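Work through the exercises below with the model open. Each task is followed by a solution in steps.

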Amino acid sequence: MSNEGRMRATVNQKLTEMGERERLKELLRAKLTECGWKDQMKAHCKEVIKDKGLEHVTVEDLVAEITPIGRALVPDSVKKELFHRIKAFLAQHA
């Protein structure tokens, strides 16, 4: 495992152990709903299903198709807020 991979695993473990990971997930859900991301993704899913036909779309296909779009549609302000919260948490618990 690379140095970056080990560091990522350590940070993730600390976030999980202290319950911060769940709090961040809840914050992310709220922010994504608030900015309309959730509605955009729902509409995109419906569009994909309509284009391909319900009987021709698996959950795996849908996830593979919408994941890159979903990541790209997350507003920078939401990404920055999460990054700053993680950074502050790590500074406080280092």
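Buried means under 20% relative accessible area, exposed over 50%, and partly exposed in between (1.4 Å probe, protein chains only). The model is predicted: local features need pLDDT of at least 70, side-chain atom pairs count only at pLDDT 80 or more, and totals for chains, interfaces and linings use all residues. Residues are numbered from 1 along each chain as its sequence is written, and side-chain values use heavy atoms, with hydrogens and water left out.

**Exercise 1.** Classify lysine 52 and glutamate 65 by accessibility, and find the link between them.

Step 1. Lysine 52 has a relative accessible area of 41%, so it is partly exposed.
Step 2. Glutamate 65, with 30%, is partly exposed.
Step 3. The two form a salt bridge (a side-chain nitrogen of Lys or Arg within 4 Å of a carboxyl oxygen of Asp or Glu), the closest N and O atoms being 3.0 Å apart.
Step 4. The pair links helix α4 (residues 59-73) to helix α3 (residues 37-52), 13 residues apart; helices are DSSP runs of H or I, at least four residues, numbered from the N terminus.

**Exercise 2.** Is glutamate 20 buried or exposed, and which side chain does it meet in a salt bridge?

Step 1. Its relative accessibility is 13%, so glutamate 20 counts as buried.
Step 2. Its side chain meets that of arginine 23 in a salt bridge of 2.9 Å, N to O.
Step 3. Glutamate 20 and arginine 23 are three residues apart in helix α2, which means a separation of about one helical turn.
Step 4. Arginine 23 is partly exposed, at 48%.

Notes: Helices (H or I, at least four residues) and strands (E, at least two) are DSSP runs, numbered from the N terminus.
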